Amino acid sequence: LLDDNENGDNPHLRAQVVDSWYDSRGVNCVVQIISGTLNEGDRISIAPSTEESFSRATQSTTQSYSVQEVGLVLPKTYRTGKLCRGQIGYLRFGLKDPRM
């Protein structure tokens with residue numbers, strides 16, 4: 001996941017998808033924030049996991065999504081509106097196909 005948020009040392013959001021599940025509201029992702037912050041309303045893009053494929057993806061058309069909901073899983077989801085570097089939480093962004 002990528003974004004252009006400014007936060008401290010690295011202005012770009014970098015997050016790793018840890019897990020995901022599908023429910024009636026769409027795909028939910030559990031992510032670990034590597035750098036930057038993730039806020040509800042941010043626009044994100046999904047990038048491939050390797051640097052080489054990332055370079056090709058940014059040159060081609062990548063689809064972006066609006067973050068609809070962000071929060072923690074404690075064991076139920078708890079909406080916080082923001083995740084910061086080092087946190088692990090969930091994210092919903094309107095994706096309807098878990099294979100994307």
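How many of the 100 residues of this protein chain, as a percentage, count as buried? The number is 35%. Keep in mind as we go that what you see above is a predicted model.

Okay, the overall layout. The protein chain has 10 strands and one helix.

Let's go inside. In soluble globular proteins, nonpolar side chains tend to be buried together. Here, the largest nonpolar core has 16 residues. Which of them touch the most other members? That would be Val31, Ile33, Leu38, Ile44, Leu83, Leu91 and Phe93. Strands β2 (13-23), β3 (26-35) and β7 (69-73) each supply at least two residues of this core. The strand that gives the most is β3, with four residues.

I'd like to stay with Phe93 for a minute. Leaving out residues up to four places away in sequence, Phe93 touches Cys29, Ile44, Ile46, Tyr65, Ser66, Val67 and Gln68. A pair of aromatic rings is described by the distance of the centres and the angle of the planes. In this model the count comes to one aromatic pair. Tyr65 and Phe93 form that pair, 5.2 Å centre to centre, with 65° between the planes. It's an edge-to-face arrangement, because planes over 60 degrees apart count that way. The two partners sit 28 residues apart, so the pair links distant parts of the chain: Tyr65 is in strand β6 (residues 64-66), and Phe93 is in the segment after β10 (88-92). Are these two buried or exposed? Both Tyr65 and Phe93 are buried.

Last stop, Gly81. You'll find Gly81 in the loop between β8 (77-79) and β9 (82-84). Why does Gly81 count as partly exposed? Because its relative accessibility is 21%, and buried means under 20%. Again skipping residues up to four places away in sequence, Gly81 touches Leu38, Asn39, Glu40 and Val70. Look at Val70 in particular: Gly81 and Val70 are 11 residues apart along the chain, with 5.0 Å between their C-alpha atoms. And Leu38, another contact of Gly81, is one of the core residues that touch the most other members.

That's the tour, thanks.

Technical notes
Residues are numbered from 1 along each chain as its sequence is written. This is a predicted model: local features need pLDDT of at least 70, side-chain atom pairs count only at pLDDT 80 or more; totals for chains, interfaces and linings use all residues. Side-chain values use heavy atoms; hydrogens and water are left out. Buried means under 20% relative accessible area, exposed over 50%, partly exposed in between (1.4 Å probe, protein chains only). Contact means heavy atoms within 4.5 Å. A nonpolar core is a set of buried Ala, Val, Leu, Ile, Met, Phe, Trp, Tyr and Cys residues joined through side-chain atoms within 4.5 Å. Rings of Phe, Tyr and Trp (its six-membered ring) pair if their centres lie within 6.5 Å; planes under 30 degrees apart count as stacked, over 60 as edge-to-face and the rest as tilted.
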